[in-house]
Each structure stands twice: as structure tokens, then as C-alpha cells.
Amino acid sequence: MKVSILIKTIVFYVAITCVFLGSCTKGKTNYEAERGEVVEEDVEFKEVTNFVSAGYTISIEALNGVLYRGYNDIRVRIKNTQMNTPLEVSSITFLPIQTAVSGEKRSCPNQYNFSYKSDDKYFSGYTVFTSESGAEGSWEINVNFTVGSQNFSVIQEVLVRQQTNKNLNMTIFRGKDDEQYVIALVSPKKPSVAENKLVAGIYKLNKPLDSSSKSIADQLQFSYSQVDRYTLKLDPRMPEPSMGNHSSPNNKDLIQEADGLYHGIVNYTMTGNWTLNFILLNPDGKVIRGTEVPKDFTPGVEGRKSELYLDILF
């Protein structure tokens with residue numbers, strides 16, 4: 001009798017395992033179709049646009065020559081148009097400005113003063129575009145630079161596209177402190193089934209400057225600031241019913257490092273749909289946004305997500 005019960009139990013669990021593995025295989029195939037285009041490695045900077053002003057050519061570069069909603073590394077080169085040679089530029093400021101359909105102007109998280117890379121003679125910084133060009137408005141770049149004792153200012157409209165790589169998702173939310181925040185994923189652009197270094201930028205919307213005497217550019221350059229000494233707690237899960245809400249070992253919460261960005265570890269144990277569940281803590285350890293999610297393995301039941309999360313697909 002006991003042997004019979006034991007055999008039935010083994011058969012039941014083997015059947016469940018087969019169903020689960022079958023779901024995984026089917027799901028993986030569907031993920032490949034859903035991904036569509038192959039995620040590029042994004043290792044080469046290419047020109048997004050260039051414009052000429054006062055005899056100078058200003059070139060804006062980004063990875064693969066495209067600006068996306070979310071985090072973008074950006075380079076600016078300035079040359080003498082006639083000689084086609086790099087200029088001795090002492091400083092560059094870079095300010096993205098969005099004009100909404102209503103006419104309202106706003107900016108986004110951005111490095112205002114770009115850093116000079118003397119070896120390759122370009123200026124480097126980043127911008128986190130909070131929306132793509134289109135229904136919400138258009139984007140333009142205001143570049144100011146200094147040559148000798150002369151200051152120059154140029155404005156150029158740019159196209160910001162929707163980010164198709166879900167590994168670089170971003171979210172905008174209001175915290176329990178009634179402040180608006182932005183979390184933008186920086187890497188990995190192309191994860192692997194392994195422990196991946198997870199990097200994100202975290203920013204807070206500043207209160208508007210109470211000064212009508214300042215120009216729009218002067219006001220908008222302080223739109224957002226990078227938050228310091230926060231912690232972004234991480235709980236990655238595969239929430240689809242076929243995946244049973246399972247997580248993975250060896251993940252590490254994101255903490256700020258010297259570059260100002262937040263670094264952690266996410267361990268992807270298989271390809272597919274993942275959710276990065278977050279809890280954002282301020283320097284005092286108080287919860288700004290996010291909730292813990294159930295840790296039970298629940299085959300056939302969709303896993304619950306934190307109130308602060310980003311969906312991933314690779």
C-alpha cells in the first residue's frame with residue numbers, strides 16, 4: 001500500500017515537472033519572437049546630428065547614432081568648419097529642452113557641464129530623456145561653448161525614439177515624500193544567463209526656481225538632481241504563471257558608487273520575462289516607494305509585483 005502511494009506521488013511530481021519544463025520551453029520560444037530585433041551590443045558612438053554656427057561644426061554623438069527615451073551616454077565634438085580640425089574649447093554646457101504641445105518647456109535628468117576627454121578631443125556627458133519625440137512634444141538641445149574669450153550658443157532639434165530594448169527601461173513615479181523620482185537602467189544592455197552587473201541612475205525633480213528674472217535655460221538646468229546615498233533593494237522574479245514567480249540566488253541591492261550611479265548584481269538563471277521588483281530607501285532607511293513581494297513558488301499563478309518595478313525581457 002505504501003509502495004503504491006509512493007509510486008503515485010512520484011508520478012504526480014514527474015508530471016508537474018514535465019508540464020513546467022514544457023511551459024519554459026514554449027515560453028522561451030515566444031520570448032524570442034517577442035524580442036523581435038536582435039539587441040545590439042551598442043559599442044560604437046555614431047553621429048546623431050550636426051549643425052554649423054559661426055564657422056564651427058557641432059557634432060552630437062550617441063551609441064549607434066540614436067537617442068532613446070531613458071539613459072543616453074552622449075559625446076559632443078566641435079571643429080573649425082573650414083579647416084575640419086578640433087577646436088580648443090574650454091567648456092561646454094548641454095541642456096535638453098522639451099516643448100510640450102501646450103507650449104510648456106521642461107527638461108530632464110542631465111549632466112549640464114560636460115567633461116573633456118583630451119585623448120580623443122570630445123566632451124562627454126549623459127541625458128535621461130523622459131519621453132520620446134511625438135505626442136508629448138519635441139526635444140531640442142541647447143549647447144553653449146567657449147572658444148578663447150568668446151561664448152557661443154546654438155540650439156538644434158533632435159529626435160528621441162522609443163526604447164525598444166526592455167533591459168534599458170525607466171520609470172517615473174512619486175514617492176511617499178511627495179517628490180517625483182526617475183529610475184533609469186543603464187546596463188546591462190544585453191544580459192546573459194549569469195550574474196550581471198546591474199547599473200541604474202536615480203534622480204529627483206527639483207522645486208521650480210522662484211525667479212522670473214532668470215532665462216528658461218537658467219531655470220531648466222536645475223530641473224533634476226542625482227539622489228545621493230539612497231539604496232535600491234532588488235528582488236528579481238519571473239512572474240508569469242508558467243514560471244511560478246521564481247527568483248534567483250546571489251542578487252545584490254544597488255548602492256551608489258563614485259560615478260554617481262547605483263550598482264548591484266542581478267542573476268538571470270534563464271532567458272525570458274523578468275520583473276525587477278524594487279524598494280527605494282532614502283539615506284535614513286525610510287521607504288520612498290516599493291513593497292515586498294511574496295516569495296512563494298506558485299506554478300500556474302501570476303506573481304505579484306512591487307509597487308515599484310521595471311519589466312525586463314532578454
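Good morning. I shall begin with Ala54, which lies in the loop between strands β1 (45-53) and β2 (56-63). Please bear in mind that the model before you is a predicted one. The phi angle of Ala54 is near 55°, a positive value in a residue other than glycine. Most residues other than glycine have a negative phi, and most peptide bonds are trans.

Asn250 sits in the loop between β17 (231-237) and β18 (252-256). With a relative accessibility of 48%, Asn250 counts as partly exposed, because the exposed class requires over 50%.

I turn now to the peptide bonds. Ser187 and Pro188 are joined by a cis peptide bond, with omega at about 10°. Pro188 belongs to the loop between β14 (180-187) and β15 (195-205).

Let me place these details in the chain as a whole. The chain contains two helices and 22 strands. It has 314 residues, of which 46% count as buried. Among contacts between residues at least 6 apart in sequence, 58% join residues at least 24 apart. The accessible surface is about 16700 Å², and carbon and sulfur atoms account for 50% of that area.

The largest cavity has a volume of about 50 Å³. Its lining comprises seven nonpolar residues, one charged residue and no polar ones; among the lining residues are Ile78, Tyr116, Lys121 and Phe123. Thank you.

Methods:
Residues are numbered from 1 along each chain as its sequence is written. This is a predicted model: local features need pLDDT of at least 70, side-chain atom pairs count only at pLDDT 80 or more; totals for chains, interfaces and linings use all residues. Side-chain values use heavy atoms; hydrogens and water are left out. Helices (H or I, at least four residues) and strands (E, at least two) are DSSP runs, numbered from the N terminus. Buried means under 20% relative accessible area, exposed over 50%, partly exposed in between (1.4 Å probe, protein chains only). Contact means heavy atoms within 4.5 Å. Accessible areas come from the Shrake-Rupley method with a 1.4 Å probe; for residues, only the protein chains shown count as cover. On a 1 Å grid over the protein atoms alone, a cavity is a set of points where a 1.4 Å probe fits but cannot get out, and a pocket is an open set with protein on both sides within 12 Å along at least five of seven lines; lining residues have an atom within 4 Å of a point. Grid points are joined across faces, edges and corners, and a volume is the space filled by probe spheres set on the points. Ala, Val, Leu, Ile, Met, Phe, Trp, Tyr, Cys and Pro count as nonpolar, Asp, Glu, Lys and Arg as charged, and the others, Gly among them, as polar.
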